[in-house]
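Let's take a walk through this structure, starting with a pair of helices and ending at the metal site. Have the view open as you read.

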Amino acid sequence: VTHNLVDYHVHSVSHGEIECTEENVTAFLESARKRNIVHVGFTDHEQFLSKVDYSAILRGSANVPEVSVRVGVEVNYFPERETKIHEFVNSLKVDYVMGSVHNIGDWAFDNPRNLSQYDKWNIDDLYKAYFDRIRMAAETGLFNIIGHLDIIKIFGFRPKRSVMDHAMPALEAIRRRGAAIEINTNGKYKPVEEIYPSTELLGKCFEMGIPVTLGSDAHVPENTGRDVEIAARMAKDAGYTKVAVFTEGKMDFLPL
Ligand SMILES: [Zn+2]
Ligand SMILES: [Zn+2]
């Protein structure tokens, strides 16, 4: 039995389709409670933060006292927007900031509507471009957590060189900057049908001393905590004995 399951990647307003009300927040947290999650972190995308009602989160949280609630944000990192991202992150008062890469330039490569654009890339060049952005995101030092580390595999396109070769400079930057990674279970429900990151990358992260946390990337209440038990198992199999949690910008650990 695993103790201290956490879910640090939950989108309370989805992509704007869900209202941040006490009732909806309670539904997210009830789903977490049923899956024995002890911490839930809401990480709405920065462009939807204006829709997040912090008083509704507090009221919802009071309805489910078994679950500790944290508030963060998922920032879409673009090297082209670095100055703006610095200003934005420094203006936030949140428990943690997750930095994720969803775009190469104006191409949102994780959106199935943009699938045809993969044809324009040599997949090794694409993995290099993606992990370069992860490296740059980590090097800003702005992020407590790097989101879905190898989401570039989402549609199952694989490089010829090893992913580890492409990812190493990014992992070094993450380690240097003291950020955590997350085990994000949402990849299981994407075409690649694999949790992010791969067991190989996760093993390397453990070896390097990079902390780990867990996330479902839920955009609806019923997915909160989904497969986080499996993610915890993966973490333990990689050698981890503790999971990273975040309060007011500080990382702490709970035993796994
Ligand atoms: Zn994301
Ligand atoms: Zn997300």
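A quick word on handedness before we start: a crossing counts as right-handed if the near helix is turned clockwise from the far one by less than a right angle, and as left-handed if it is turned anticlockwise. With that in hand, look at α5 and α6 in this predicted model: α5 passes α6 in a right-handed crossing. The two helices pack at an angle of about 35°, and their axes are 11 Å apart.

Which residues meet where these helices pack? From α5 come V163, M164, A167, M168, L171, E172 and R175, and they meet E200, L201, K204, C205 and M208 of α6.

Now stay with α6, which covers residues 199-208 and has L201, L202, C205 and M208 as its buried residues. Seen down the helix axis, these buried residues fall within an arc of 125°, so they line one face of α6. Here's the background: an α-helix has 3.6 residues a turn, so residues three or four places apart point the same way. The face turned away from the buried side carries T199 and E207, which are exposed. Just after α6 ends, G209 takes a positive phi of about 80°.

| Ion | Protein donors | Distance | Spacing along the chain |
|---|---|---|---|
| zinc ion (ligand 1) | E74 (OE), H102 (NE2), H148 (NE2) | 2.1 to 2.2 Å | E-x27-H-x45-H |
| zinc ion (ligand 2) | H9 (NE2), H11 (NE2), E74 (OE), D217 (OD) | 2.1 to 2.3 Å | H-x1-H-x62-E-x142-D |

Which residue coordinates both ions? That's E74, and the two zinc ions lie 3.4 Å apart. E74 sits in strand β3 (residues 68-76), while H102 is in the loop between β4 (96-100) and β5 (103-104), so to speak a link between distant parts of the chain, 28 residues apart.

Why is the arrangement around the zinc ion (ligand 2) irregular? Its four donor atoms subtend angles of 79 to 171°, whereas a tetrahedral arrangement would need all angles between 85 and 135 degrees.

E74 is buried at 1%. H102, at 10% relative accessibility, also counts as buried, because the label applies to anything under 20%.

Terms used. Residues numbered from 1 in each chain as written. Chains lettered and ligands numbered in written order. Predicted model: local features only at pLDDT ≥ 70, side-chain atom pairs only at ≥ 80, totals over all residues. Heavy atoms only, no water. Donors = N, O, S within 2.8 Å, 3.2 Å for Na, K, Ca; no water. Tetrahedral: all angles 85-135°; square planar, octahedral: opposite > 155°, others 65-115°. Buried < 20%, exposed > 50% of the residue type's maximum accessible area, 1.4 Å probe, protein only. Helix = DSSP H or I, 4+ residues; strand = E, 2+ residues; numbered from the N terminus. Arc of directions from axis to C-beta. Axes fitted to C-alpha atoms, helices over the stretch in contact; angles between N-to-C directions. Contact = heavy atoms within 4.5 Å.
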